[in-house]
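Welcome, and please open the model in your viewer. We will go from one selection to the next and look at what is there.

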Amino acid sequence: MFKFALGRLLQAIPVLLVVITMTFLLVHSAPGGPFSADKAVPEAVLVALEAQYNLDQPLWQQYFSYLGDVLRGDLGPSFKYPGRDVNELIMSGLGTTAELGFYAMMVAIFIGVIAGVTASMRPNTMQDYVPMTAAMIGICMPSFLLGPLLVLIFGIHLEWLPVSGWNEIPGDKILPAITLGTGYAAYIARLSRGGMLEVLSQDYIRTARAKGLSEFLIIGKHALRGGLIPVVAFLGPAFAGLLGGSFVVETIFQIPGLGRFYVQAAFNRDYTMILGTTVFFATLIILFNLLSDMLAIWLNPKLRQQVRGDS
Amino acid sequence: MKQQFSSSFFTLLSALFMSLLLSGCGSSESNVAEGNRTGILHWGNGTEPQSLDPHVATGVPEHHIIVALMEGLVHKNSKTLEPEPGVAKSWTVSDDGRVYTFELRDDARWSNGDVHNAHDFVWSWSRALQPALGNLYAYMYFPIVNAHEFYKGEITDFEQVGVKALDDLTLQITLKNPTPYFLQLLDHYSMYPVHQATIEKFGRADERGTRWTYQGNFVGNGPFKLKTWEINRAIEVERNTFFHGNDEVKLNGIVFYPTENVTTEERMFRAEQLHYTNDVPIDKVQTYRDANDPALKVVPYLGTYYYRINVREPHLQDKRVRRALGKTIDREQLTEHVLKAGQIPAYAMTPPNTRGYYPPVSLSFDPEAARQLLADAGYPNGEGFPVTEILYNTNEGHRKMAVAIQQMWREHLNIEVTLLNQEWKVYLDSESSGDYQISRAGWIGDYVDPNNFLDMFLCDGGNNRTGWCNEEYDRLILEVAPTAKTHEERLAVFTQAETMLMDDLPVLPIYTYTTKHLVHPSLKNLANNIMDMQRYTEIYLEGEED
């Protein structure tokens, strides 16, 4: 297992290098610079600003000095927010976004697994159709629609929950978590239904039933472990997606997270911020993929065998 | 058995889930109710400020926060917009209008208690003019003798610039030419003083973006001081007890929220999380109007929405063509049916009543005359007129406007017009490199004077971007207007210049902006002025009786 993980981490290095290089070239070739503004910027100021951020150097030189900085863990200063550096900005939003992502994931797993398992227990009956139709609607409903809808119902009409903010008013985390989690809940429901259906038809489940085990034990102990493998494989990329894709929800609910920085950085041509967040998210995706693969191996005896066989 | 399990399992989990979700729930006081009790104003501020350094910052959201934290020599009266004493107690202007002598108040203090005097201004202004600092508003200083030369690096000794501290409490400023709007400039944050010791503690004077503006470090001279700055969450300011006018300040603090999304902001307002919104969603304005909701405040704004015409394009070089285009935009129709938020049709660049100036009205909606002009230019009934493109930055409002104008030109002139939207920075790039035919633009005044709208179109004006150049126009703005003897005479020169501009029409004015806010009834004594300027020292909160 250790060898497997190490190998995967080594593979990540060229991947990250490609990501950095592509992003670097793309941001520098986009029209409009970080300092262009509505009001004309005097030439002298532009020169001074570019010198301050080393933008006056040839591109290859900028590229290598950036790579050097990244190796040292320094993602550079933000162009848009003078005085803030990218590390600091990422750290300021990361906690919030990770927390939001975690709650959303909890919501997604909770709703998704229950719906999926319930549906799989009586396939092609109402107990299957109702949760799966709901899941389909959940997948189709974009968060920029669901968010404001929930706010209108629970925030403004019923006045049960706050309409925006994060960690300011009790209960302000509920609506964002549900909004962000619902789409993923729907995926998880479908995945877990599929996984469970396959497992429930296997011989060992029949054996368990024949032994007279309670349905609770059959589902909870024997079937879930195998039935949820597709869900686990989905969780890693999903969590990274949640972090990167939380922009819409963060905007709707006025949440000081990372997603907002990511999108704004692109609009502002904040080169270091775009690069920094991209590198950061790329690393996260690689790590979460690795984690979910390791979890899948642990859950699936067949895969475990394979990994052992390889090493 | 199976049935029993599934239902009990489901019930148990549902109960768990509900308790998780509702665990945070509880009755809590809204921001507005709490603020009214504690004297804290909750203010929707648009976006996260880029910087709170007055010599680095450039935007309106930054302005709202900086004016709470700092003060200049003078500030504007919130009703008349005329200058009133700030750090300066009084001032005199020499007969030739070139030498301003300010007497500073002796009780001015920095927010850390340090004495605040004339030397602070000399040092601060020498800092603001360092090219390395990248101060985009440095041109505010250019009326001062040698300020521009110092900024360009032609002279390095700040002694030669026309700013002197005659003694601790007397500041003398010498201008190149009489500049009737000079006092107005002093209220712009780019001319605010900064605290030398604090800045030097965190870096060089001309170093951009040091940590002196962070929470815990910031030292200012305004009615409030920085309490917390949580990125993308809120900036909180609290009463500065060292402020000379502290006794008159009624608010105990202000919380500025970076309300980037205007629909979210409106929902926050409805849920009483804000006293004041930065904006109102366009499609909500009519709803508030129909409901006769007193929360909606719409006020004319010192800004003009217009189209630039690139006069370097062959078919747009002919002023008859430009006039034909200008005469076939039905501005009343646009403001009434497209914009619908009280905007005023504009027939000149300068908004009406800019310090007593009413621009000449030579432009009108006249399709008949326009067709004739186009025919005279060689395009009878639009025949042979090249396909022309309107460029705008991606935005629903700009798109609607462009579609409507495209329709008008097609209908009245029978010409083919296409639309091109570009993302903001790409659009800026196209516009400043002259890679467009007609492009959307807007200009918001920095100070209340026609000069601010008209000197944009000087031949080498950085914001001109149309390629239009008229030496006589330049002479009027640069030489004749500054030496006018009286205010009336000066306004007459501007009228003459603007008549020339509107005759040649390198720009097509469309409407005068309005500002839109939602204001909670507990927020009192707000000002209504064309600069959308509020004085936090005058505003107060009054809880509703219930």
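Here is the tour, stop by stop.

This is a predicted model, where local features need pLDDT of at least 70, side-chain atom pairs count only at pLDDT 80 or more, and totals for chains, interfaces and linings use all residues. Residues are numbered from 1 along each chain as its sequence is written, with chains lettered from A and ligands numbered from 1 in the order in which they are written.

**Stop one: confidence.** Helices here are DSSP runs of H or I with at least four residues, numbered from the N terminus.

**Stop two: a helix pair.** Next, select α4(A), residues 86–121, and α13(A), residues 271–299, whose axes come within 10 Å and cross at roughly 55°. Those axes are lines fitted to C-alpha atoms over the stretch in contact, with angles from 0 to 180 degrees between N-to-C directions. Now show A:V86, A:L89 and A:I90 of α4(A), which meet A:T272, A:M273, A:G276, A:T277 and A:F280 of α13(A).

**Stop three: between the chains.** Show both chains: 47 residues of chain B are in contact with 46 residues of chain A (C-beta atoms, placed from the backbone, within 7 Å). On the chain B side, α1 (2–22), α8 (262–270) and α14 (424–432) each supply at least two residues.

Methods. Contact = placed C-beta atoms within 7 Å.
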